[in-house]
Amino acid sequence: MTTTGESRRVMVIPHTGRRQAIAATTALVRGLAGAGLHVIVPSSKARKIGDIASLVSSVDQPQAELRHTELIIVVGGDGTILSAAQLSHGSGVPLLGINLGHVGFLAESEREEVGEVVRRVAAEQYEVEERMTLDVTVSMEGQVLERNFAVNEVTVEKAEPQRMVEVAVEIDARPVSTFGADGVCLATPTGSTAYAFSAGGPVVWPQVQALVLAPISAHALFARPLVVSPSSVLAVEVLAPSPPALMVCDGRRTRELPPGSRIEVTKGSHPLRLARLATAPFTDRLVAKFQLPVTGWRGPGTRAPRPPEDM
């Protein structure tokens, strides 16, 4: 596909293992190309999208293309969006998700709304919001072994199903508690509706700047989730003689943690940027995604208000 230097460039990242995603990607690419946008697709994905391959530019190194890219549109569930977030981390390029998953908290639109996505992107009618991320440092005996990041959460989990992992939890260089558990989840407000929610943590509105720590099935009298300042430093140490643990970032990137390992988590230096087409409050999104019952609610006015629309 030929293009001029002034063409607006949009990267499309589809979940190519699902027929619904291929159908939605086909409609999306045809619409974007028809609107005059230059569509680029990672070559690993372009080989699997069939007869629309001629409408896109296939790129072998998508990360190198981001400095010239206006927007990344992701067709899939939250897992596909998290994969795209890994690709775009630190670039500043916003993501817009078209949901094909189950809950899809990170996605902005559903697959039936592809035409509206094309129209709004072509007209540059979208806003960008920033979400907190996590910076993660793994060390042992004072030596840094790895630096990583997470959008939703980083967990320290037991590596052996039959044995708990023994951990010490620390906040701002002060010990909080030691206990045996299936693990510990350290999350962002965005991640508070993901694994941390399943671990019993609170839902934190995305506009709130905070870090969440939620023990996972802890064998302890004090095992409540904690919400702390975004300037705090959270740390988890794997204690001896505990069996090795695993560090998992966003359910995707893993590292073994032998006894004596330590991970530190801080507010990320590079926020996740999400393109938004709707300005509805997070409350409506929460109600729609979790299908919460609101029958009987009347609201602050004298007339029965309109119930929240699906997000």
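User: Which residue in S19 is the bridge partner of Leu 234?

Analyst: This is a predicted model, in which local features need pLDDT of at least 70, side-chain atom pairs count only at pLDDT 80 or more, and totals for chains, interfaces and linings use all residues. Residues are numbered from 1 along each chain as its sequence is written, and side-chain values use heavy atoms, with hydrogens and water left out. Strands (E, at least two residues) and helices (H or I, at least four) are DSSP runs numbered from the N terminus, and two strands pair if DSSP finds at least two bridges between them. S16 and S19 run antiparallel and are joined by four bridges; in S19, the partner of Leu 234 is Val 265.

User: Is Ser 261 buried or exposed?

Analyst: Ser 261 lies in strand S19, residues 261-267. Buried means under 20% relative accessible area, exposed over 50%, and partly exposed in between, with a 1.4 Å probe and protein chains only. The relative accessibility of Ser 261 is 2%, so this residue counts as buried.

User: Which backbone oxygen does the side chain of Ser 261 reach?

Analyst: A polar contact is a pair of N or O atoms within 3.5 Å; within protein, one must be able to donate a hydrogen and the other to accept it, and residues adjacent in sequence count only if both atoms are side-chain atoms. For the side chain of Ser 261 the distance is 2.7 Å, and the backbone oxygen belongs to Pro 258.

User: Why is strand S16 largely enclosed by the rest of the structure?

Analyst: Strand S16 covers residues 234-238. S16 also pairs with strand S11 (residues 165-171) in the antiparallel sense over five bridges. Within that pairing, Glu 170 has Ala 235 as its partner, and Val 167 has Val 238. S16 is largely enclosed because the buried residues number four of the five.

User: How many residues lie between S11 and S12 in their hairpin?

Analyst: S11 and strand S12 (residues 174-181) pair in the antiparallel sense over seven bridges. In this pairing Val 165 stands opposite Ala 181. Asp 172 in the turn has a positive phi of about 55°. The number of residues between the two strands is two.

User: Which strands do the buried residues of helix H6 pack against?

Analyst: H6 spans residues 282-290, and its buried residues include Phe 282, Leu 286 and Val 287. Just after H6, Gln 291 takes a positive phi of about 50°. Contact here means heavy atoms within 4.5 Å. By that cut-off, the buried residues of H6 pack against S5 (95-99), S6 (109-110) and S20 (272-276).

User: Which element gives the most to the lining of the second largest pocket?

Analyst: On a 1 Å grid over the protein atoms alone, a pocket is an open set of points where a 1.4 Å probe fits, with protein on both sides within 12 Å along at least five of seven lines, and lining residues have an atom within 4 Å of a point. The second largest pocket is lined by 16 residues, with Glu 129 and Arg 131 among those nearest its centre. Strand S7 (127-131) and H6 are the elements that give two or more residues to this lining. With five residues, the element that gives the most is S7.
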